[in-house]
Amino acid sequence: MKREKTSLLKNNGVQSILASLLCILLGLLLGYIVLLFINPTGAWDAISTVVKNFFTYPSRPAAMKYFGSTLVKTAPLLMCALSIQFAYKVGLFNIGAAGQYVAGAGACLYAALAWHMPWWACLILAALAGAALGALSGVLKSYCNVNEVISGIMLNWIALYTVNMLLSRVKEPASPYTNVVASFNSSALLPSLGLGKLFTNNQYVTIAIPLSVLAAIAVWIVLGKTKFGYELRATGCNKDAARYCGMNEKRNIILTLVIGGALAGIGAAFLYLSGYEQWQCTQSSVPAMGFNGIAATFLGGLNPIGTVFASYFIQHITSGGAYVDKTMYCAQISDLISSLIIYLCGFVLFFKHFMNSRIARKEEREALKEKEKVAADSDAKSEEGGQK
Amino acid sequence: MEEQYAIEMLHITKKFPGIIANDDITLQLKKGEIHALLGENGAGKSTLMSVLFGLYQPEEGTIKKDGQVVQIKDPNDANALGIGMVHQHFKLVECFTVLDNIILGVEPCRKGFLQKDEARRKVVALSEKYGLMVDPDAYVRDITVGMQQRTEILKMLYRENEVLIFDEPTAVLTPQEIDELMQIMRNLAAEGKSILFISHKLNEIMSVADRCSVLRKGKYIGTVNIAETSREELSRMMVGRDVQFEVTKKPIEPGKVILQVENMTVASKLHHNNAVKNVSFQVRAGEIVCIAGIDGNGQTELVYGLTGLEPLESGKVTLEGQDITKASIRRRSTMGMSHIPEDRQKHGLVLDFTLEDNLVLQRYFEPQFTGKGGFLKRRAIREYANRLIQQYDVRSGQGPVTTARSMSGGNQQKAIVAREIDKNPELLVAVQPTRGLDVGAIEYIHKQIVAERDAGKAVLLISLELDEVMSVPDRILVMYEGEIVGELDPKKTTVQELGLYMAGAKREAEHV
C-alpha cells in the first residue's frame, strides 16, 4: 500500500500536476496579500471572485453562457501555448508566437472583411501568415545564426504595426475597431454546429474549441509517435548528433518555426473569426495572448494535454478578474492578480525539482530508520535467544 | 611512531538507491607520495572523491587529515583543509587570462581594488619553482590543453593546497604533454605535496606512482607498492580476471579497394590554412588502416571530410567505386559507411534520448522502424534495442528506456559501437574509439573492430594512443600538419620511429 503511494509520487506526470497546483495556490495567496495591502475589507471577496469567474452568476444558464465565453478565449490561448511548446521541444524558444498570432489576426480579418472569403479560407490564410513569420525567424536562425528570441521580439512589433496599418482599411469609420465580421461577412464566422446551444445560446462558441483540443492531441502524437517528431526532438536535444546521423537540422529548425507560427496564426483566427472581439487598429502593444501562452505551456508541464487544462485555468482567472469590485479596486487589479498567478506558473519546473529532492531526502531518512529498526530487532532477538 | 598520513579515508560506505557506490573503502595517502587510485568506470572512484570533497556525506566511515578526524560538509571545508583537485574537464573561464583564472575567488584586494602585481609575482615564482610553464597574460581560450591543465595545477598551488587530486589528467593530453605532466607530478611530490592520481591507464601508474589502491564495483580490493607489482597484476585486481593486452588477429589477405581518397584538401575552422592538405590513401576490404598523429594535425578534419560533416576544398572520395565527394551524410551512411565519432557526447548520442532511441539513430527511417504515415514502430524498435543490448553487452540501469545521459562512458561507447557495427557497413570509420575508456571496455572494442576486419570489412582507425596504434592496425599512416608523412608496418616499426614521424622530424620521400 505504502509502496504504491511513493511510486505514484515519483511518477513524472503526478509530479507535474502537483507542482502546477502548488504554483496556482501560491499565486492566489500572493494575489490575496497584494489585495490586503490595497484594501483589506474587500480582499477576500475579490480573490474569490477571481477564482469563481462565471460561477458568480446565480442562475445556471447565465453561468453556462459565461463558461462558454471563457472557453472561447481559451481556444486561442491554447493554440499559442502549443506553438511555444512545439518549438520548445525542438530546443527553440518561440517568443515570436505573439507576433505570429498578430499576423494571423491580420490575415484572417482582412480576408474576411476586404475579400469576403469564407471562414475556412480565412483560417488557412491566418495559418499561412503565422507560418510565414515563423519561417522568417527560422531562416534567420539556421542560415545567419540569429537567435530566434531576438528576431521573434522584433518581428512581434513589425507584425503589430503592419497589421494595424492593414486593418485600418477595413475599420469602422467612427471608431478604431475593425468592422463587425457578423454583419459584414457572416460566412467568415466559424460554424457553431450547435455547440452554442450547450452554452445557453452563446453565439461565440464555435468549432474552434474542439479544434484546439484536437490540435493539442495532434501535437502530442506528432512529437511522440512519428518519425518527423523523432527527428525534431533529436535536433532540439543535440543538433550536432542530428547532423552526424544525416538529419537536415537547418530544415528541421525552419519547419519547427513554420509549424509553430501556423499554430499561433490559427489561434488568432479562432478568436477573431468567432466574432467575439474586434481588432483595435490603434493598439500599441502586442496582444498578451502569445506571451500568456508561455505561462500556459509551462504550467501544463510541457505536455500538450496538460496544457489544455493549464490554458483553461489561465483564461478562467483572467476572465474572473473582470468581475472584481471596481469601487474598491482600480480597474487594473484583475490584470495584476492574473499576472501574479501567471508569473508563478513559470516556477513549475523549480517546484518539481524541489519536490524531487524532498522525496529523495525523505526516502533516505526512512531507509535509515528501517535499518535501525532491523538492527534493533535482531539485537532483541539475540538477547531473547541468550535468555533462553 | 606511526606513519604520517596526509589524508585517511577509513571504512567509507556510501549508498545510493539500489546501489552501494562505496562499500567499506579505506584509502590512506602518505605525505609526499604519489598515490594512484585505479578502477574501471563505475568502480566508485568519483563517489569516493565526492565524499572527500564534501559533495556527499558517507553513511559510515571517517576522514582524517594529518591524523585528526575532520568533518567535510561542503567543498569549502575541503578547500580550508588544503585539498585541491584538477578535474577531468577543466573549470576555467575561457575569456579570462591565465592569471585571472588562478586568482579567481581569492583575488588579492586593497580597498576594493585588485592587486594583480602581487598575484603575478607569486604565480611566476610558483611556476618557476615547479617547472609549470604558463603565460600569465594569455587568454585561456587561446592556449593549449596542456597549458590549461598547468593553469589548473597553479590554481591549487596558489591556494597553498597540500593534497592535490588529479582526476584522469592524461585523458586529454598528447604523449609529450603526458611526459611533462608526469615530471611535474614528481616535482610536486618532491616538494612535499601529497598527490592522489586517479587513472585507469596502467602504464602511467607504473611510471609515476609510489603506491596504488584498487577499487572494483564499489569494493576496496587492496593497496600495492608499485615497485613490487606489475601491469598484469594491477589489471587483474582492477578487472577481476586476466586481461589480454595483445590484440589477436587472424592473417588475412586484403581484398578489393573499398575507400579511395584522392588529393583531399579540407579547410580549417581555426585558421586560414587548410587543415588537410592534398591527402591520398586507400583502405581495402579486410584490413585495418590506422591514421596516427598528435592531436590537431588534421585528423578531425580528415574524418569530417570523409563522412560529409564538412565539405572538401578539393579532391575526390570514392566508396566501393562510387564517387561520394558531394554525397549527403545520410547517403554515405546508407551506402555502407559507419562512423564511430570522436566525441561520443557531442556527435554520437542524443544524451536526453533513451538508449533505444539512440540505438536506431542511424536507421530509424528504414521501413522496419517507420511504418505508413510516418509513425514509428515502437515495438520493433524495442525488440531491436533489446537484441543489440544483449548481443553487445550494453549495461544500463533500466535497459532500453534508460536515458543515455545516465549511462557510464564505457557503455555509451558500447552503444555507439553496437549501432555502427550492426548496420553491417562496408567501411567502418572509428575515431578514437577507446578514448577515456577502461581496460575492459578497450579490450572489448578492439575485439569488435578486429572482428569487422576478419569479416572482410574495411576499417579506418584514427587514434592518438600509441598502444592502440601499435597493436590494432595492419598499416599505419602518420599524419603531420595536415599531410601524410609516412606509411609504417606495425610489425616492423618501433614506437621511437613512429614518434619521429609524429613529431615531424622524419618523413618518407614518396609522401612529400
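Student: Which helix of chain A has the lowest mean pLDDT among the elements of that chain, and which has the highest?
Tutor: This is a predicted model, and among the elements of chain A the lowest mean pLDDT, 51, belongs to helix α1 (residues 2–10), while the highest, 96, belongs to helix α5 (residues 97–113). Over residues 1–6 of chain A the pLDDT is below 50, and beyond near neighbours in sequence that stretch has zero contacts in the model. Where pLDDT is low, the predicted coordinates should not be read in detail.

Student: What are the mean pLDDT values of the two chains?
Tutor: Chain A has a mean pLDDT of 86, with 91% of its residues reaching 70 or more, and chain B averages 88, with 97% of the residues scoring at least 70. For the complex, the predictor gives an ipTM of 0.77 and a pTM of 0.75.

Student: How many helices and strands does chain A have?
Tutor: Chain A comes to 17 helices and zero strands, and its C-alpha atoms fill a box of roughly 105 × 65 × 40 Å along the principal axes. Of its 388 residues, 47% are buried, and among the contacts in chain A with a separation of 6 or more, 76% are between residues 24 or more positions apart.

Student: How many residues of each chain are in contact with the other chain?
Tutor: The contacts involve 14 residues of chain A and 22 residues of chain B. On the chain A side, the elements giving two or more residues are α11 (227–237) and α12 (239–244) of chain A, and α11(A) gives the largest share, five residues.

Student: And what is that side made of, by class?
Tutor: The side of chain A that touches chain B has seven nonpolar, three polar and four charged residues.

Student: Switching to chain B, what domains does the assignment give?
Tutor: The domain assignment gives domain 1 (5–239), domain 2 (244–336 + 425–512) and domain 3 (347–424) of chain B. The C-alpha centres of domain 1 and domain 2 of chain B lie 35 Å apart.

Student: What about the six-stranded sheet in chain B, what is the strand order?
Tutor: The order is β18-β19-β20-β15-β21-β22 in chain B, forming an open sheet with mixed pairing. The edge strands, each pairing on one side only, are β18 (337–340) and β22 (483–488) of chain B, and the twist averages 20° from one strand to the next.

Student: How does β18(B) join β19, and which helix touches both?
Tutor: Strands β18(B) and β19 (residues 427–431) of chain B run parallel and are joined by four bridges, with B:Leu428 in β19(B) as the bridge partner of B:Ser338. Helix α14 (residues 409–422) of chain B packs on the sheet and touches both strands, its direction making about 175° with that of β18(B). Helix α17 (residues 495–502) of chain B also packs on the sheet, touching β15 (288–292), β21 (475–480) and β22 of chain B, and its direction makes about 35° with that of β21(B).

Student: How many residues of helix α9 of chain B are buried?
Tutor: Nine of the nine residues of α9 (residues 299–307) of chain B are buried, including B:Leu302, B:Val303 and B:Tyr304. Just after α9(B), B:Gly308 takes a positive phi of about 95°.

Student: Last one: why does B:Ile252 count as partly exposed?
Tutor: B:Ile252 is partly exposed because 15 other C-beta atoms lie within 10 Å, whereas a buried residue would need 20 or more and an exposed one 12 or fewer. B:Ile252 is found in the loop between α8 (231–239) and β13 (257–267) of chain B.

Student: And what is B:Ile252 in contact with, leaving aside its neighbours within four places in sequence?
Tutor: B:Ile252 is then in contact with B:Gly286, B:Arg453 and B:Asp454. The C-alpha atoms of B:Ile252 and B:Gly286 are separated by 6.7 Å, although the two are 34 residues apart along the chain.

Terms used
Residues are numbered from 1 along each chain as its sequence is written. Chains are lettered from A and ligands numbered from 1 in the order in which they are written. This is a predicted model: local features need pLDDT of at least 70, side-chain atom pairs count only at pLDDT 80 or more; totals for chains, interfaces and linings use all residues. Two residues are in contact if their C-beta atoms, placed from the backbone, lie within 7 Å. Ala, Val, Leu, Ile, Met, Phe, Trp, Tyr, Cys and Pro count as nonpolar, Asp, Glu, Lys and Arg as charged, and the others, Gly among them, as polar. pLDDT is the predictor's confidence in each residue, from 0 to 100. Domain bounds come from an automatic or database domain assignment. Two strands pair if DSSP finds at least two bridges between them. Axes are lines fitted to C-alpha atoms, for helices over the stretch in contact, and angles run from 0 to 180 degrees between N-to-C directions.
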